[in-house]
Amino acid sequence: MAAHYMKPKDPNFRIVHPRIKNDRRAFPHLKDCIGAIDGTHIRAVIPEDDQVRYIGRTGAVTMNVMAICDFDMHFTYASIGQPGAMHDTSVLYHAIDKDRANFPHPPKGKYYLVDAGYPNRFGYLAPYKGERYHVPEFHRGVAPTTPKEKFNKIHSAKRNCIERGFGVLKMKWQILLKMLSYSIETQKMIIAACMTLHNYIRAHDREDVHFERCDRDPNYVPTIPERYKRYAVPVGASDSSTTEASGRDMDEIRDRLATGIALSW
């Protein structure tokens, strides 16, 4: 079931998604964007003698779940179970290398949106570092003024599909907030099952209360219910930056996109 429901709807990515095409500030500049990638941390139950590599930046014992989703919050790929201490970039490279047959590689000229925890390289478009980025920062302050800020705002607004997808996933399947004491393989299967059910509901129940609220408000990111917050992995578990060098060619592409977005703002 997971193999059927967790894959791109069109592996060739021939159609520009309406969330890009119908946004005058994003289109045609981001017409080659095919989705977003990010990682999230799920608490894990690990034998004490193997816990060290699962303890990340926050001190919690977690496993890293890296996922790709489209702009409908439909997960198209997931790498589940890498130790929580593993850097987001390393998780991505591991998935590309070790799961080459299943990883939905971006076709030439296409790219996924990634955050600053990943390098800006062919197929993976990152925001400008050192500039305002998240949409709420612009809502609380002045409007974006420079090409880099305008690019970052559009990038953030489109990349939030993966944050919203993770938010719905954890809100629906609260076993992901308080994992039970199963073997590590069973824990990984539980996460995969939850992501598969997430996709099934998204595909077959357009009146689902969690997805419906996301559809009404493109800036809404679901949050964990108050009664479960004590089980939540602390904020900051995911990597916010990387020391990996960006690719000069992709930096030039990003600069051209930022200029085009600014000129048509």
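Is F13 buried or exposed? I started my notebook with this residue, keeping in mind that the model I am reading is a predicted one.

**Entry on F13.** I looked up the accessibility of F13 and found a relative value of 13%, so F13 counts as buried, the cut-off for that class being under 20%. I then located F13 in the loop between α1 (2-5) and α2, and I noted that its phi is positive, about 50°, although F13 is not a glycine.

**Entry on P28.** Further along I checked the loop between α2 (18-21) and β1 (33-43), which is where P28 lies. The peptide bond joining F27 and P28 is cis, and I wrote down an omega of about 10° for it.

**Entry on M73.** I next turned to the loop between β2 (62-69) and β3 (75-83), where M73 has its place. M73 is a residue other than glycine with a positive phi, near 65°, and I recorded it as buried because its relative accessibility is 1%.

**Entry on α5 and α6.** Last, I asked at what angle helix α5 (residues 147-172) and helix α6 (residues 184-204) pack. The angle is about 105°, and the axes of the two helices are 10 Å apart. I therefore describe α5 as roughly perpendicular to α6, since angles of 65 to 115 degrees fall in that class. Going through the residues that meet there, I listed G165, V168, L169 and K172 from α5, and C194, M195, H198 and I201 from α6. Sorted by class, this contact of α5 with α6 has 5 nonpolar, 2 polar and 1 charged residues.

Methods. Residues are numbered from 1 along each chain as its sequence is written. This is a predicted model: local features need pLDDT of at least 70, side-chain atom pairs count only at pLDDT 80 or more; totals for chains, interfaces and linings use all residues. Side-chain values use heavy atoms; hydrogens and water are left out. Axes are lines fitted to C-alpha atoms, for helices over the stretch in contact, and angles run from 0 to 180 degrees between N-to-C directions. Helices (H or I, at least four residues) and strands (E, at least two) are DSSP runs, numbered from the N terminus. Angles under 35 degrees count as roughly parallel, over 145 as roughly antiparallel, 65 to 115 as roughly perpendicular and the rest as oblique. Contact means heavy atoms within 4.5 Å. Ala, Val, Leu, Ile, Met, Phe, Trp, Tyr, Cys and Pro count as nonpolar, Asp, Glu, Lys and Arg as charged, and the others, Gly among them, as polar. Buried means under 20% relative accessible area, exposed over 50%, partly exposed in between (1.4 Å probe, protein chains only).
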